[in-house]
Amino acid sequence: MKKFYLLSILTLLISCSKNENVLRFSKQDYGKEWPFSVDEIEVYCSGYKEIYCKTNDGKIYALNGSAKGASRDNPTINKVEEIWLDNPEFEGLKIPYAQFITEGLKLCDDK
């Protein structure tokens, strides 16, 4: 099991280290449409269309279903719900972040 975690971490580090395979997004560019409690994220593709984001504090979050499934038993990957904001216009709903997944999937196609 330790080998799996080490391999997962290594894969994520390699994925993050390739600047051409990382997209940066900022709250400043999205205003009230920004869905996260952090000011910036880096979105990247890993594995088979697994979309993750990394925050300034170094935490990594699984964004799409593929990433959530692949990282289910990986304690280094956090749940996006920890930083996902409620939608102030619609009680009980969250601000959508599908556009970040869509952009991340384009990175998968470029691999």
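**Salt bridges and the disulfide**

A search of the whole structure finds 6 salt bridges. The model is predicted.

One of these salt bridges pairs D109 with K49, with the closest N and O atoms 3.7 Å apart. D109 lies in helix α4, whereas K49 sits in the loop between β2 and β3 (50–55), so the contact ties together parts 60 residues apart in sequence. D109 counts as exposed, at 56% relative accessibility. K49 is partly exposed, at 33%.

A salt bridge also forms between K68 and E81, where the closest N and O atoms are 3.8 Å apart. This pair links distant parts of the chain, 13 residues apart: K68 belongs to helix α3 (residues 65–70) and E81 to the loop between β5 (77–79) and α4. Both partners are partly exposed, K68 with a relative accessible area of 34% and E81 at 41%.

In the salt bridge of D86 with K94, the closest N and O atoms are 3.0 Å apart. D86 is exposed at 54% relative accessibility. K94 is partly exposed at 31%.

The search of the whole structure also finds 1 disulfide. It joins C45 to C108, with an S to S distance of 1.9 Å. C45 lies in strand β2 (residues 40–46) and C108 in helix α4 (residues 98–109), so the bond ties together parts 63 residues apart in sequence. The torsion about the S-S bond of C45 and C108 is about 105 degrees, so the disulfide is right-handed. C45 is buried, with a relative accessible area of 3%. C108 also counts as buried, at 11%. Another cysteine, C53, is buried at 0% relative accessibility.

How values were computed. Residues numbered from 1 in each chain as written. Predicted model: local features only at pLDDT ≥ 70, side-chain atom pairs only at ≥ 80, totals over all residues. Heavy atoms only, no water. Disulfide = S-S within 2.5 Å. Helix = DSSP H or I, 4+ residues; strand = E, 2+ residues; numbered from the N terminus. Buried < 20%, exposed > 50% of the residue type's maximum accessible area, 1.4 Å probe, protein only. Salt bridge = Lys/Arg side-chain N within 4 Å of Asp/Glu carboxyl O.
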